[in-house]
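Trainee: I would like to learn how to read a structure, one feature at a time. Can we begin with burial?

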Amino acid sequence: MTLRLRPLPRTSALDRPAPRHDIALPLAGSAFVWVEEVDVVEGRQTCEGLLTTDLDAAQRDRLSRQRPALCGLTLDRPRIMGILNLTPDSFSDGGRLTDPAAAVAAARSMAADADILDIGGESTRPGAEPVPVTEEIARTAPVIRAIRDAGITTPISIDTRNATTARAALAAGADMVNDVSALTHDPEMAPLVAEAGVPVCLMHAKGDPRTMQADPRYYDVVAEVLDWLDARAAAAAAAGIARARILIDPGIGFGKTLDHNMTLLRWLSVFHDTGLPVLLGASRKRFIGTVTGVETAGERLAGSLAVALHGAGQGAHVLRVHDVAQTRQALDMWQALNDPTEAQEQT
Ligand code: HH2
């Protein structure tokens, strides 16, 4: 197993009021989370505890460097990616937005608080059947065009595994690609993303949506997901996609048990060891229902906010959520509490 650096995140709302300037580094470019201590880990085995001053320049840079801006958004704070599912069958909001006018209205209201809109025309929930590409395009491209025609300028991400759908979405006004197969589903996707010069999110999934929840197993979920994402980022770079345009995502709920999901969330900061921006999509997912006993996906707001704030504390750069206004409110409070300049003034 590869040796990794696991930064131990700190925020101003914790016991120590402000960063120790001699050893504190911003965590992955964050203005709100920093790191002083780093564990050297092999899988989930901690080998050694270090201070940032024990790291070499390349390691310090990898863990702390400001990640490149995403669609013009600086990644020094958690950005909200609002989910617009144009599907009849998504697990929590399917069937709400099949009418284009309703979709544009939803986009407008979401754009008030979202930094990015993530538009999808195929459900990838456990057990979902694939949608024909023509149908996926018919659901997404006209809505993206209508959003742009309505003057809504928020960056748009197209959530698809299919290059033809991505191409149509980009032509209609989308700005980035979110591929839950990390460019493995469609061989045309990597060349398309490279040629278009747009950012891409590479998400980890074990198996495809139809079968992924049938007894998923890992030798070590953290090590395996990290190694796989590193390999996918290398494959993307080899296909001509600039590393500055790659994001990674551990893929909560995609071929993972409750234990796998919880472990990945607890270990999220180790994903900064890749040097790439981290996206987290946990909103309303099954594991929140399992932990909280809330059966209905649409009623998992409070649990989803708790996970979003946990992600923020681990330095996640993008939070993919259904409940955008509520997440904005929670993040505004989190940022106010964790603003290091405020914390210093109060000492
Ligand atoms: N989760 C879903 C879909 N796309 N993309 C990324 N990058 N990360 C995720 O965790 C992720 C994703 C599944 O959630 P949702 O879109 O709400 O449901 P459905 O797939 O049923 O449409």
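Mentor: This is a predicted model. A residue counts as buried when its relative accessible area is under 20%. Arg-284 has 11% relative accessibility, so Arg-284 counts as buried.

Trainee: Where in the chain is Arg-284?

Mentor: Arg-284 belongs to the loop that runs between strand S11 (279–280) and helix H8 (286–292).

Trainee: What is the phi of Arg-284?

Mentor: Start with the general idea. Most residues other than glycine have a negative phi. Arg-284 is not a glycine, yet has a positive phi of about 60 degrees. Ala-28 is not a glycine either, and has a positive phi of about 50 degrees.

Trainee: Where is Ala-28 found, and is Ala-28 buried or exposed?

Mentor: Ala-28 sits in the loop between strand S2 (25–26) and strand S3 (33–42). The relative accessibility of Ala-28 is 0%, so Ala-28 counts as buried.

Trainee: Which residue counts as partly exposed?

Mentor: That class lies between the cut-offs of 20% and 50% relative accessible area. Asp-89 has 26% relative accessibility, and therefore counts as partly exposed. Asp-89 is placed in the loop between strand S5 (79–85) and helix H2 (100–111).

Trainee: How many residues separate Asp-89 and Gly-121 in sequence, and what is their distance in space?

Mentor: Sequence separation and distance in space are read as two numbers. Asp-89 and Gly-121 are 32 residues apart in sequence, and their C-alpha atoms are 9.7 Å apart in space. Arg-232 and Ala-182 can be read the same way: they are 50 residues apart along the chain, with 6.7 Å between the C-alpha atoms.

Trainee: Where does Arg-232 lie, and is Arg-232 buried or exposed?

Mentor: Arg-232 lies in helix H6, which covers residues 221–238. Arg-232 counts as buried because its relative accessibility is 18%.

Trainee: Let us turn to side chains. Which side chain is joined to that of Arg-79 by a polar contact?

Mentor: For a polar contact, look for a pair of N or O atoms within 3.5 Å. The side chains of Arg-79 and Asp-115 are joined by a polar contact of 3.4 Å. Arg-79 is placed in strand S5. With 13% relative accessibility, Arg-79 counts as buried.

Trainee: What does the side chain of Glu-122 reach, and with which side chain does it make a polar contact?

Mentor: The side chain of Glu-122 reaches the backbone nitrogen of Val-131 at 3.0 Å. The side chain of Glu-122 also makes a polar contact of 3.1 Å with the side chain of Arg-161. Glu-122 is in the loop between strand S6 (116–120) and helix H3 (133–149). The relative accessible area of Glu-122 is 7%, so this residue is buried.

Trainee: How many residues along the chain lie between Glu-122 and Glu-136, and between Glu-122 and Arg-139?

Mentor: Glu-122 and Glu-136 are 14 residues apart along the chain, and their C-alpha atoms are separated by 6.3 Å. For Arg-139 and Glu-122 the separation is 17 residues along the chain, with 8.9 Å between the C-alpha atoms. Arg-139 lies in helix H3. Arg-139 is buried, with a relative accessible area of 18%.

Trainee: Now the ligand. How many residues surround the ligand, and which are the closest?

Mentor: Begin with the shell, then go to single atoms. The ligand is surrounded by 18 residues, and the closest are Ser-90, Ser-123, Asp-249, Lys-285 and His-322. By class, this shell has 6 nonpolar, 7 polar and 5 charged residues.

Trainee: Which atoms of the protein lie 2.7 Å, 2.8 Å and 3.5 Å from an oxygen atom of the ligand?

Mentor: An N or O atom in the side chain of His-322 is 2.7 Å from an oxygen atom of the ligand. For the side chain of Arg-320, the distance from an N or O atom to a ligand oxygen is 2.8 Å. Arg-125 takes part through its backbone, where an N or O atom lies 3.5 Å from an oxygen atom of the ligand.

Trainee: What part of the ligand's accessible area does the protein cover?

Mentor: On its own, the ligand has 470 Å² of accessible area, and the protein covers 99% of that. The space taken by the ligand is the largest pocket.

Methods: Residues are numbered from 1 along each chain as its sequence is written. This is a predicted model: local features need pLDDT of at least 70, side-chain atom pairs count only at pLDDT 80 or more; totals for chains, interfaces and linings use all residues. Side-chain values use heavy atoms; hydrogens and water are left out. A residue is near a molecule or strand if one of its heavy atoms lies within 4 Å of it. A polar contact is a pair of N or O atoms within 3.5 Å; within protein, one must be able to donate a hydrogen and the other to accept it, and residues adjacent in sequence count only if both atoms are side-chain atoms. Accessible areas come from the Shrake-Rupley method with a 1.4 Å probe; for residues, only the protein chains shown count as cover. On a 1 Å grid over the protein atoms alone, a cavity is a set of points where a 1.4 Å probe fits but cannot get out, and a pocket is an open set with protein on both sides within 12 Å along at least five of seven lines; lining residues have an atom within 4 Å of a point. A molecule sits in a cavity or pocket if more than half of its atoms lie within 2 Å of its grid points. Ala, Val, Leu, Ile, Met, Phe, Trp, Tyr, Cys and Pro count as nonpolar, Asp, Glu, Lys and Arg as charged, and the others, Gly among them, as polar. Helices (H or I, at least four residues) and strands (E, at least two) are DSSP runs, numbered from the N terminus. Buried means under 20% relative accessible area, exposed over 50%, partly exposed in between (1.4 Å probe, protein chains only).
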